[in-house]
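Dear colleague,

Please find below the structure that I am handing over to you. My notes on what was found in it follow directly after.

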Amino acid sequence: MQTQPRHEQQLSRQVAKTTTAVTVGGSLMVLSGLTLAATVIGLAIATPLLVIFSPVLVPAVITVGLILGGFLASGGFGATASFVFYWMYRYVTGKHPIGATKIDYTRDKIAHAAHDVKEKAEQLGHQAQQQIKG
């Protein structure tokens, strides 16, 4: 007896889910069709105007694009520079910002390699002097 009401409950949930999905899907399909139709109509109306004004619009769009690109690049470079200055300030004051340990490790490694090269050059210089003298 309990399986019958439970089965009806599951069936009614499936019907509700299906009805909701069909309603939402259908509504979205109608909106998609209306959007497509409005786009086509708008393009058909705007095409003659675009053809007439294209000698003015194309250079204007290029100019506006370059100006916006310049402002975006300038803003990005400015933000990056301010972050770098902030990071350097924290590094110099000893607050160890993110990546400071890698910088210190790399600096020590380069200094050690330079010291090794200096010693090797001195050694080769002494050998060359001995060969010249001897």
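A residue is called partly exposed when its relative accessible area falls between the limits for buried, under 20%, and exposed, over 50%. Asp-108, at 46%, is therefore partly exposed. Please bear in mind throughout that this is a predicted model.

The salt bridges

How many salt bridges does a search of the whole structure find? The search returns 2 salt bridges. In one of them, the side chains of Arg-107 and Asp-104 meet at 3.3 Å, N to O. In the other, Arg-107 pairs with Asp-108, and the closest N and O atoms are 4.0 Å apart.

Asp-104 lies in helix α2, which comprises residues 100-133. Arg-107 and Asp-104 are 3 residues apart in helix α2, so about one helical turn separates them. Is Asp-104 buried or exposed? Asp-104 is buried, because its relative accessible area is 18% and the limit for a buried residue is under 20%. Arg-107, by contrast, is partly exposed, with a relative accessible area of 47%.

Contacts of Asp-104

Which residues does Asp-104 touch once its neighbours within four places in sequence are left aside? Asp-104 is in contact with Tyr-91 and His-96. Each of these two residues has a feature of its own.

His-96 is found in the loop between α1 and α2. Although His-96 is not a glycine, its phi is positive, at about 50°. With a relative accessible area of 52%, His-96 is exposed, since the limit for that class is over 50%.

Trp-87 and Tyr-91 are stacked, with 5.3 Å from centre to centre and 5° between the planes. Why are Trp-87 and Tyr-91 separated by about one helical turn? The reason is that they are 4 residues apart in helix α1, which comprises residues 3-92. Tyr-91 is partly exposed, with a relative accessible area of 22%.

The annotated transmembrane regions

According to the unreviewed UniProt entry, the annotation "transmembrane region" covers residues 21-54 and 60-89. In the model, the chain over residues 21-54 is 100% helix and 0% strand, and the end C-alpha atoms of this stretch are 45 Å apart. Over residues 60-89 the chain is likewise 100% helix and 0% strand. The end C-alpha atoms of residues 60-89 are 43 Å apart.

A nonpolar surface patch

Which residues form a nonpolar patch on the surface? The patch is made of Leu-49, Leu-50, Ile-52, Phe-53, Leu-57 and Val-61, and together these residues have about 570 Å² of accessible area. One of them, Leu-49, has its place in helix α1. Leu-49 counts as partly exposed because its relative accessibility is 47%.

Distances between selected residues

- Ser-74 and Lys-120 are 46 residues apart in sequence, and their C-alpha atoms are 47 Å apart in space. Ser-74 is placed in helix α1 and counts as partly exposed, at 46% relative accessibility.
- Val-117 and Gly-75 are 42 residues apart in sequence, and their C-alpha atoms are 43 Å apart in space. Val-117 is found in helix α2 and counts as exposed, at 56% relative accessibility.

In summary, I would draw your attention to Asp-104. Asp-104 is buried at 18% relative accessible area, meets Arg-107 in a salt bridge, and is in contact with Tyr-91 and His-96. Tyr-91 in turn forms the stacked aromatic pair with Trp-87, while His-96 has the positive phi.

With kind regards

Terms used:
Residues are numbered from 1 along each chain as its sequence is written. This is a predicted model: local features need pLDDT of at least 70, side-chain atom pairs count only at pLDDT 80 or more; totals for chains, interfaces and linings use all residues. Side-chain values use heavy atoms; hydrogens and water are left out. UniProt positions are given in the numbering used here, feature names are shortened, and annotations may be inferred rather than shown by experiment. Helices (H or I, at least four residues) and strands (E, at least two) are DSSP runs, numbered from the N terminus. Buried means under 20% relative accessible area, exposed over 50%, partly exposed in between (1.4 Å probe, protein chains only). Contact means heavy atoms within 4.5 Å. Rings of Phe, Tyr and Trp (its six-membered ring) pair if their centres lie within 6.5 Å; planes under 30 degrees apart count as stacked, over 60 as edge-to-face and the rest as tilted. Patches are made of residues with over 30% relative accessible area and no salt bridge: like charges are joined within 9 Å, nonpolar side chains (Val, Leu, Ile, Met, Phe, Trp, Tyr) within 5 Å. Accessible areas come from the Shrake-Rupley method with a 1.4 Å probe; for residues, only the protein chains shown count as cover.
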